[in-house]
Amino acid sequence: MLNRRHIRVKVMQTIYAMGCKENNNLQVEGKFVNDSIAQVYNLYLLMLDMMVEVHAFAKAHSEKLSKKILATEEEKNPNRKFITNEVLVKLSDNALLQDELDKRKLKNWRMDDEYVAVIFNELIASDLYENYMNDATSDFKSAKDFVIQWYTELIAPNDKLYDYIEDSRITWIDDLPIVNMTVLKRLQKVKPNSPESLFLPSLFKNEDDKMFSIELLEQTFGNNAFLSEEIEKNTPNWDKERIADVDFVLIKMALCEFLKFPSIPVKATINEYLEIAKEYSTPKSSIFINGILDKLVKEYQKTNKFKKEGRGLE
């Protein structure tokens, strides 16, 4: 679910915040990184649960209309295509998903159910919903295509939902793109016989990725003085005071990966931090960072400082 770029962003944000404090406790900051990463999964579960809750809201709404004293024929015998959508039924009946939500005490949409109503009302007012409900096709593929389109067009970009997520936890806004991508990947993979565990992917690809965040934080923070000295020593015209703080953090992290992470290719490190700089720093930061890293790489290659394994230098 999580890729290493997103893990690097979490570490970068923590190191940047540490630079704004007078006293830092590495153990406390490490816990913050772990908690921030764990919250990515909570947001993923909540985005799935939004569809579950809208589905439940639709069923309750339909039943309420059918019990009106002066209910119309349409209200008595409504079109139940959305309610019987096979993908939504699979999500709603997923015991593993509900157990995980309960275990983490994620009751957001029960406590703030107005957001469920907002998503539901926008859905039923949309052409997407009207076209789906009036389409005679009723198979698993059409059900899945509708849910994917609903999530892509109406849930993921919803402004009110975005504001709620931002207000709930500041780090979730950075997490939302990767969460949305994961939700869509899970929906694309679902089949009639898919196990319930399909919607509960691992947070990390492997054990190395799980350890990467803490190791990167510890190595960068623990070698801060050495990394700063290395940068200044190899860039005599570099003025630290004129460089954006985020750029300084990214350069130190990249340098740390050069020297302390032998299994990570140099090119992969450079590419990752240039992309992060484009998103989180100034417009010219990636060019500046690339120049410094290129100079350092050439210096380390010349002095044989690299201790990369396998294809690390390619």
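These are my notebook entries on a predicted model of one protein chain.

**Ground rules.** I number residues from 1 along each chain as its sequence is written, and side-chain values use heavy atoms, with hydrogens and water left out.

**Overall form.** I looked up the secondary structure and found 16 helices and 0 strands. Helices (H or I, at least four residues) and strands (E, at least two) are DSSP runs, numbered from the N terminus. The radius of gyration is 24 Å, well over the 20 Å that the globule rule gives for 314 residues, so the chain is more spread out than a compact globule. That radius is taken over C-alpha atoms, and the rule is 2.2 Å times the number of residues to the power 0.38. Along the principal axes, the C-alpha atoms fill a box of roughly 85 × 40 × 35 Å.

**Surface and contacts.** I noted an accessible surface of about 16900 Å², with 49% of it belonging to carbon and sulfur atoms. The areas come from the Shrake-Rupley method with a 1.4 Å probe; for residues, only the protein chains shown count as cover. Of the 314 residues, 48% count as buried. Buried means under 20% relative accessible area, exposed over 50%, and partly exposed in between (1.4 Å probe, protein chains only). I then checked contacts (heavy atoms within 4.5 Å). Among those with a separation of 6 or more, 81% join residues 24 or more positions apart.

**Core.** Which residues have the most contacts inside the largest nonpolar core? I found Met-47, Met-51, Phe-82, Trp-150, Ile-165, Val-183 and Leu-187, in a core of 94 residues. Helix α2 (residues 26–66) gives the most to this core, with 15 residues. A nonpolar core is a set of buried Ala, Val, Leu, Ile, Met, Phe, Trp, Tyr and Cys residues joined through side-chain atoms within 4.5 Å.

**Helix α7.** In α7 (residues 114–124), I list Val-116, Ala-117, Val-118, Ile-119, Phe-120 and Leu-123 as buried. Their cover includes α2, α6, α8 (127–134), α9 (140–155) and α10 (159–168).

**Helix α11.** I looked up two residues here. Leu-184 sits in α11 (residues 172–189). Beyond four places in sequence, Leu-184 touches Ile-148, Tyr-151 and Thr-152. Its C-alpha is 9.4 Å from that of Gln-149, across 35 residues of sequence. Gln-188 also lies in α11, and is partly exposed, with a relative accessible area of 47%. Gln-188 touches Lys-144 and Ile-148, again leaving out residues up to four places away.

**Positive phi.** Where does Lys-105 lie? I place Lys-105 in the loop between α5 (95–103) and α6 (108–111). Lys-105 is not a glycine, yet has a positive phi of about 55 degrees, and at 67% relative accessibility counts as exposed. Asn-304 follows α16 (285–303). Phi of Asn-304 is near 55 degrees, a positive value in a residue other than glycine. With 62% relative accessibility, Asn-304 counts as exposed.

Note on methods. Predicted model: local features only at pLDDT ≥ 70, side-chain atom pairs only at ≥ 80, totals over all residues.
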